[in-house]
Amino acid sequence: MIAHLCTRLPRAVAVIGLALYILGTTISLASGHPEIFQRFGALGVAAAILFFTDRLTQIELTRQRAVEAMLHEYGLRFEAIASGTKPEDLPNEGYTLDFLDEESAFTRLRRKAEAINSGNTALLSVATLQWGFGDLAIEAMS
């Protein structure tokens, strides 16, 4: 129960922070409050960092589980060969992993990480500029 909460809590905090950032930024921008608009940039930076860290942690855990499964599978095959079974006599059935499928899964994980990184870089850039220069931007629009 606690382990489940520990994996869900960072994601929930990041999503809530991101939602508050978007809502607060929109309201402060519409109402023309430069100081509040600028301060919401700090919340955007924090949300981006939390969201990015959580997503990459989940991707890394998925990758780690796959590697552990492949190592286990390799160990089973190695034991069979070490006990005298010829490699060509190993049954194709009974082994759970297809190494080409796993390689394809790793490629999908890399693409997902790249997409998350791109989105996070954009959010972090906008939120940082808002935090540093948001008041000037609102005053220039007024």
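Modeller: Helices are DSSP runs of H or I with at least four residues, strands are runs of E with at least two, and both are numbered from the N terminus. I27, for example, lies in helix α1, which covers residues 2-31.

Colleague: What should I know about the origin of the model and its numbering?

Modeller: This is a predicted model, with residues numbered from 1 along each chain as its sequence is written. Local features need pLDDT of at least 70 and side-chain atom pairs count only at pLDDT 80 or more, while totals for chains, interfaces and linings use all residues; side-chain values use heavy atoms, with hydrogens and water left out.

Colleague: What is the mean pLDDT of the chain?

Modeller: pLDDT is the predictor's confidence in each residue, from 0 to 100. Where it is low, the predicted coordinates should not be read in detail. Here the chain has a mean of 83, and 89% of its residues reach 70 or more.

Colleague: How far does α2 reach from its first C-alpha to its last?

Modeller: The expected span of a helix is 1.5 Å times one less than its number of residues. With 49 residues, α2 reaches 71 Å, close to the expected 72 Å. After α2 comes G84, which has a positive phi, near 110°. R77 also belongs to α2. The C-alpha atoms of R77 and P87 are 8.4 Å apart in space, with the two residues 10 apart in sequence.

Colleague: Is R77 buried or partly exposed?

Modeller: Buried means under 20% relative accessible area, exposed means over 50%, and partly exposed is in between (1.4 Å probe, protein chains only). R77 is partly exposed because its relative accessibility is 25%. For the chain as a whole, 25% of the 142 residues count as buried.

Colleague: Which residues make up the largest nonpolar core?

Modeller: A nonpolar core is a set of buried Ala, Val, Leu, Ile, Met, Phe, Trp, Tyr and Cys residues joined through side-chain atoms within 4.5 Å. The largest one here has seven residues: I59, A66, M70, F106, L109, A113 and I116. The largest share, four residues, is supplied by α3. There is also a second, separate core of five residues, including V45, A48, L123 and A127.

Colleague: Which residues form a nonpolar patch on the surface?

Modeller: Patches take residues with over 30% relative accessible area and no salt bridge; like charges are joined within 9 Å, and nonpolar side chains (Val, Leu, Ile, Met, Phe, Trp, Tyr) within 5 Å. I16, L20, L23 and I27 form the nonpolar patch, and together they have about 390 Å² of accessible area. Such areas come from the Shrake-Rupley method with a 1.4 Å probe; for residues, only the protein chains shown count as cover.

Colleague: How many salt bridges does the structure hold?

Modeller: A salt bridge is a side-chain nitrogen of Lys or Arg within 4 Å of a carboxyl oxygen of Asp or Glu. The structure holds three. In one of them, R11 pairs with D54, and the closest N and O atoms are 3.1 Å apart. R11 is in helix α1 and D54 in helix α2, so this pair ties together parts 43 residues apart in sequence. R11 is partly exposed, at 25% relative accessibility, whereas D54 is buried, at 5%.

Colleague: Which residue meets D54 in a salt bridge at 3.3 Å, N to O?

Modeller: That residue is R55. Both D54 and R55 are buried. Another salt bridge joins the side chains of E60 and R63, at 2.5 Å from N to O. E60 and R63 lie in helix α2, three residues apart, which is about one turn of the helix. E60 is partly exposed at 36% relative accessible area, and R63 is partly exposed at 33%. Through shared partners, salt bridges join R11, D54 and R55 into one network.
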